[in-house]
Amino acid sequence: MSEDQPTRPFRQPARPKRTKLLIVVGLVLAATVVLAPRACVGEKISEEEAVANALAALEAAPDAFVPTKTEAKLLQQGFPAELMWVVVFTVPDTEGGPADFLHHAAVYVKADDGEVRQVRITRPSGG
């Protein structure tokens with residue numbers, strides 16, 4: 001290049017970057033629209049059935065106890081996500097112990113077929 005010609009700074013056009021960004025955002029939105037409804041499909045058993053299955057699994061466990069409080073929630077677990085009922089059984093500590101409970105169990109029940117996946121029984125430490 002000769003010194004007579006003015007030099008232009010090299011710059012990339014902004015459009016290809018914006019186009020790529022719009023394509024990525026569009027793909028993410030499309031995937032969300034397509035996959036989100038499928039993630040919620042699969043609840044074939046009711047909360048009552050899940051609690052009954054969880055209670056039977058708790059009674060069969062070696063550290064079984066008779067719960068005084070029951071709570072059930074429908075959550076997505078794992079990857080790919082599958083719907084699970086998480087049923088929590090507790091016996092509260094009326095004296096306000098270190099964990100506010102004497103017995104605690106969380107039972108994971110598949111929402112599509114009622115299969116018990118896991119039973120976790122814990123007791124407070126230090127009591």
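This is a predicted model: local features need pLDDT of at least 70, side-chain atom pairs count only at pLDDT 80 or more; totals for chains, interfaces and linings use all residues.
User: Which secondary structure elements does the chain have?

Analyst: Welcome! The chain comes to two helices and four strands, and from the N terminus on they run α-α-β-β-β-β.

User: Where does Ala 111 lie?

Analyst: Ala 111 is in the loop between β3 (101–110) and β4 (116–122). In space, its C-alpha is 7.9 Å from that of Leu 74, although 37 residues separate the two in sequence.

User: What makes Arg 117 partly exposed?

Analyst: The relative accessible area of Arg 117 is 44%. Buried would need a value under 20%, exposed one over 50%, and partly exposed is in between. Arg 117 therefore counts as partly exposed.

User: Which residues does Arg 117 touch, not counting those up to four places away in sequence?

Analyst: Arg 117, which lies in strand β4, touches Glu 82, Met 84, Tyr 108 and Lys 110. A contact here means heavy atoms within 4.5 Å. As for Trp 85, 32 residues away along the chain, its C-alpha is 10.0 Å from the C-alpha of Arg 117.

User: How much of the whole chain counts as buried?

Analyst: Of its 127 residues, 22% count as buried. The chain exposes about 9,700 Å², and carbon and sulfur atoms supply 57% of that area.

Key
Residues are numbered from 1 along each chain as its sequence is written. Side-chain values use heavy atoms; hydrogens and water are left out. Buried means under 20% relative accessible area, exposed over 50%, partly exposed in between (1.4 Å probe, protein chains only). Accessible areas come from the Shrake-Rupley method with a 1.4 Å probe; for residues, only the protein chains shown count as cover.
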